Amino acid sequence: MAIVEVKVPQLSESVAEATLLQWKKKAGEAVAADEILIEIETDKVVLECPAPAGGVLVEIVQGDGATVAADQVIAKIDTAAVAGAAAPVAAAAPAAAAPAQAAAAPAAAVSTSKAGVAMPAAAKLMADAGMAPGSVAGTGKDGRVTKGDVLAAASAPKAVAAPVAIPTGAPTKVLPQVPTVAPDLGDRPEERVPMTRLRARVAERLLQSQATNAILTTFNEVNMAPVMEMRKKFQEKFEKEHGVKLGFMSFFVKAAVHALKKYPVLNASVDGNDIVYHGYFDIGIAVGSPRGLVVPILRNADQMSFADIEKKIAEFGQKARDGKIGLDDLTGGTFSISNGGTFGSMLSTPIINPPQSAILGVHATKDRAVVENGQIVIRPMNYLAMSYDHRIIDGREAVLGLVAMKEALEDPARLLFDI
């Protein structure tokens with residue numbers, strides 16, 4: 001027997017622990033070298049954990065939903081074994097684990113056997129509702145217990161647990177617990193689901209931003225007709241030449257860089273009592289993903305062509321959908337752009353992404369009545385909003401910076417000549 005340990009990969013310096021999502025293999029199954037065994041969620045990204053060697057997965061040390069740290073052993077592979085030749089080792093954490101540890105970690109109640117296994121969210125619901133492991137019949141794949149199974153069991157009369165016996169001499173006062181699983185409310189059901197690490201981290205950073213920055217927002221409107229005409233004129237040739245569509249975001253990125261060069265404080269950040277002026281332009285692009293908002297970085301955006309920007313944004317979008325965004329993609333950034341217009345937003349006040357000091361909010365372009373030379377005309381208008389940290393950015397720089405972006409978009413030739 002040649003045992004190889006499967007360990008949690010290295011995490012970011014700022015990440016202390018992570019959560020195992022769902023094993024893609026069961027104990028006793030054959031695995032190939034570099035085959036992805038499980039995804040590991042941190043508060044920033046989702047990492048893939050590959051098999052370090054081929055063989056048979058003989059033991060799963062940490063089950064679905066377990067909290068783990070870097071370099072922690074989560075499974076074992078026998079490189080000399082043959083799948084099905086021997087009974088697999090039990091695929092759960094050792095049963096001899098200390099009771100206190102089991103009580104502290106709801107994931108300890110998760111079993112990895114084929115029948116009766118509770119999915120991470122279901123196990124959490126069961127633990128908080130005081131349901132014993134194995135007390136709920138599973139209807140999921142291979143008999144796994146889903147959140148729906150737990151909710152159904154909790155609402156059924158038979159799911160009511162008997163009163164807990166209190167030892168003689170023990171305090172009779174029992175503190176009430178907030179139920180995780182809601183009672184049967186007829187046509188008004190409720191469901192409580194714990195935040196993912198990524199969602200919790202996003203919430204933490206947004207609160208941090210509002211608590212530590214003096215956020216103010218300035219607005220302007222831009223006539224998108226010149227950009228739309230240029231895009232329409234060159235779209236076909238652009239796509240044929242570069243293999244990617246010419247979108248609006250590349251224009252917004254170029255316009256933002258144009259303004260940041262004119263007003264460097266918009267590209268700066270606060271470090272204690274110091275203002276750090278960045279001599280480079282790393283633009284964060286807010287991207288929605290199934291697991292939450294992420295902001296990958298276009299590095300040295302001032303040196304990127306329109307095609308480079310469009311290709312990179314398309315790559316980030318695909319990575320976000322596949323859960324492949326890496327730590328390197330998210331690290332850094334001196335200014336951000338959030339495009340709520342993709343979802344139809346007309347106006348918003350974006351929140352600064354710390355430690356940056358400003359963010360541009362882009363919205364939906366709609367035909368609106370505007371006045372030009374004393375005449376009411378119809379133009380495709382877009383409302384721009386820029387939130388900034390008033391501690392270091394005065395209203396003058398913020399307003400003029402947004403005006404510079406407006407002028408660049410209404411006369412795209414400015415971007416070619418940097419004027």
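Tutor: A residue counts as buried when its relative accessible area is under 20%, as exposed when over 50%, and as partly exposed in between. The model considered here is predicted.

Student: At what relative accessibility does F251 lie, and is the residue buried or exposed?

Tutor: F251 has 2% relative accessibility and therefore counts as buried. F306, at 22%, counts as partly exposed.

Student: How is a pair of aromatic rings described?

Tutor: Such a pair is described by the distance of the ring centres and the angle of the planes. In this structure the count comes to one aromatic pair. The centres of the F251 and F306 rings are 5.0 Å apart and their planes stand at 65°; since plane angles over 60 degrees count as edge-to-face, the pair is edge-to-face.

Student: Which parts of the chain does the pair tie together?

Tutor: F251 belongs to helix α6 and F306 to helix α7 (residues 306–322), so the pair links parts 55 residues apart in sequence.

Student: Where does R231 lie in relation to F248?

Tutor: R231 is placed over the face of F248, 4.5 Å from the ring centre.

Student: Which residues touch the most other members of the largest nonpolar core?

Tutor: That core has 74 residues, and I74, L298, F335 and I337 touch the most other members. Helix α6 (residues 249–262) gives the most to this core, namely nine residues. Another core, of six residues, lies apart from it and includes M126, M131, V145 and A153.

Student: With which residues is I74 in contact, leaving aside its neighbours within four places in sequence?

Tutor: With those neighbours set aside, the contacts of I74 include V6, V8, L20, W23, I38 and C49. Also among them are I60, V61, Q62 and V68.

Key. Residues numbered from 1 in each chain as written. Predicted model: local features only at pLDDT ≥ 70, side-chain atom pairs only at ≥ 80, totals over all residues. Heavy atoms only, no water. Core = buried A, V, L, I, M, F, W, Y, C linked by side-chain atoms within 4.5 Å. Buried < 20%, exposed > 50% of the residue type's maximum accessible area, 1.4 Å probe, protein only. Helix = DSSP H or I, 4+ residues; strand = E, 2+ residues; numbered from the N terminus. Contact = heavy atoms within 4.5 Å. Phe/Tyr/Trp six-rings, centres within 6.5 Å; stacked < 30°, edge-to-face > 60°. Lys NZ or Arg CZ within 6 Å of the ring centre and 35° of its normal.
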